[in-house]
Amino acid sequence: MTVARDGAVIHLRGHCRVEDAEPLAALLQAEPGLPVDLAACDGLHGAVVQALLAFRPAIRGLPEGAFLRDLVLPALSGERQSGSGTV
């Protein structure tokens, strides 16, 4: 199972697919404030990212993959990336 609650932490493991968004959202809605650990996560479907953005849980653990670690994680944490481009 890619979404699992272990005590007071929700763990996302492996490649989280679209069908993982609903159980994740249910856990986050039932217990607001539970942190989500991404240390063992290899990939996140956009629907899972949307659930994380909607509920804004505290994020623990650093995923190994550069895409998740360097691009997705800052967005989930609310960090802004510095860049030379304008939007």
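The following exercises, with worked solutions, treat the chain shown above.

The model is predicted, so that local features need pLDDT of at least 70 and side-chain atom pairs count only at pLDDT 80 or more, while totals for chains, interfaces and linings use all residues. Residues are numbered from 1 along each chain as its sequence is written, and side-chain values use heavy atoms, with hydrogens and water left out.

**Exercise 1. Determine the order of the elements of the chain, and state what share of its residues is buried.**

Solution. Helices (H or I, at least four residues) and strands (E, at least two) are taken as DSSP runs, numbered from the N terminus. The chain holds three helices and six strands. Read from the N terminus, these elements follow the order β-β-β-α-β-β-α-β-α. Of the 87 residues of the chain, 39% count as buried.

**Exercise 2. Find the salt bridges in the whole structure, and describe the residues that form them.**

Solution. The criterion is a side-chain nitrogen of Lys or Arg within 4 Å of a carboxyl oxygen of Asp or Glu. In general, side chains of opposite charge can pair when their charged atoms come close. The search of the whole structure returns two salt bridges.

- Arg5 belongs to strand 1 (residues 3-6) and Glu31 to the loop between helix 1 (21-30) and strand 4 (36-37), so the pair ties together parts that are 26 residues apart in sequence. Arg5 is partly exposed at 39% relative accessible area, and Glu31 is partly exposed at 35%.
- Arg69 and Asp70 form a salt bridge through their side chains, at 3.1 Å from N to O. Arg69 is partly exposed, with 30% relative accessibility; Asp70 is likewise partly exposed, with 39%.

**Exercise 3. Characterise the packing of helix 2 and helix 3.**

Solution. Axes are lines fitted to C-alpha atoms, for helices over the stretch in contact, and angles run from 0 to 180 degrees between N-to-C directions. Helix 2 (residues 46-55) packs against helix 3 (residues 66-77) at about 30°, and their axes are 9 Å apart. Helix 2 is therefore roughly parallel to helix 3, a class that covers angles under 35 degrees.

Contact requires heavy atoms within 4.5 Å. On the side of helix 2, Val49, Leu52 and Leu53 meet Val72, Ala75 and Leu76 of helix 3. The residues of this contact comprise six nonpolar, no polar and no charged. Nonpolar here denotes Ala, Val, Leu, Ile, Met, Phe, Trp, Tyr, Cys and Pro; Asp, Glu, Lys and Arg are charged, and the others, Gly among them, are polar.

Definitions and conventions
Buried < 20%, exposed > 50% of the residue type's maximum accessible area, 1.4 Å probe, protein only. Parallel < 35°, antiparallel > 145°, perpendicular 65-115°, else oblique.
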